[in-house]
Amino acid sequence: MISAKVVSTLLAAFAILIVACAVLLGFQVLLSSLHDTVAARALQWIGFGCVVLLVIDSLLLVGALSVRVLEKDREHRDDL
């Protein structure tokens, strides 16, 4: 059974990653407009890594929530 602590940790990581991706990619656009191409390219790759982590976290969150729903459904059927 997946605990509520795991789901809440995945939700917190999801929120933090959304903000981190927005800040990183926004700062990357700012640096590229200031013609600092090396730092902009580095932040672009870090931002892409952040987006990959965001996708992985969202898949884990959907999987964890679906397992919890299936377990609740199984417990409900056993009660009948």
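## Aromatic pair and overall form

W45 and F48 both sit in helix α2 (residues 37–79), 3 residues apart, about one turn of the helix. Helices here are DSSP runs of H or I, at least four residues, and strands are runs of E, at least two, numbered from the N terminus.

This is a predicted model, in which local features need pLDDT of at least 70, side-chain atom pairs count only at pLDDT 80 or more, and totals for chains, interfaces and linings use all residues. Residues are numbered from 1 along each chain as its sequence is written, and side-chain values use heavy atoms, without hydrogens and water.

The whole structure holds 1 aromatic pair. W45 and F48 form that pair, edge-to-face, with 6.1 Å centre to centre and 90° between the planes. Rings of Phe, Tyr and Trp (its six-membered ring) pair if their centres lie within 6.5 Å; planes under 30 degrees apart are stacked, over 60 edge-to-face, the rest tilted.

How open are the two residues? Buried means under 20% relative accessible area, exposed over 50%, partly exposed in between (1.4 Å probe, protein chains only).

| Residue | Relative accessible area | Class |
|---|---|---|
| W45 | 58% | exposed |
| F48 | 41% | partly exposed |

Now the chain as a whole. The protein chain has 2 helices and 0 strands. Its C-alpha trace spans about 65 × 15 × 15 Å along the principal axes. Of the 80 residues, 18% are buried. Among contacts (heavy atoms within 4.5 Å) between residues at least 6 apart in sequence, 73% join residues at least 24 apart.
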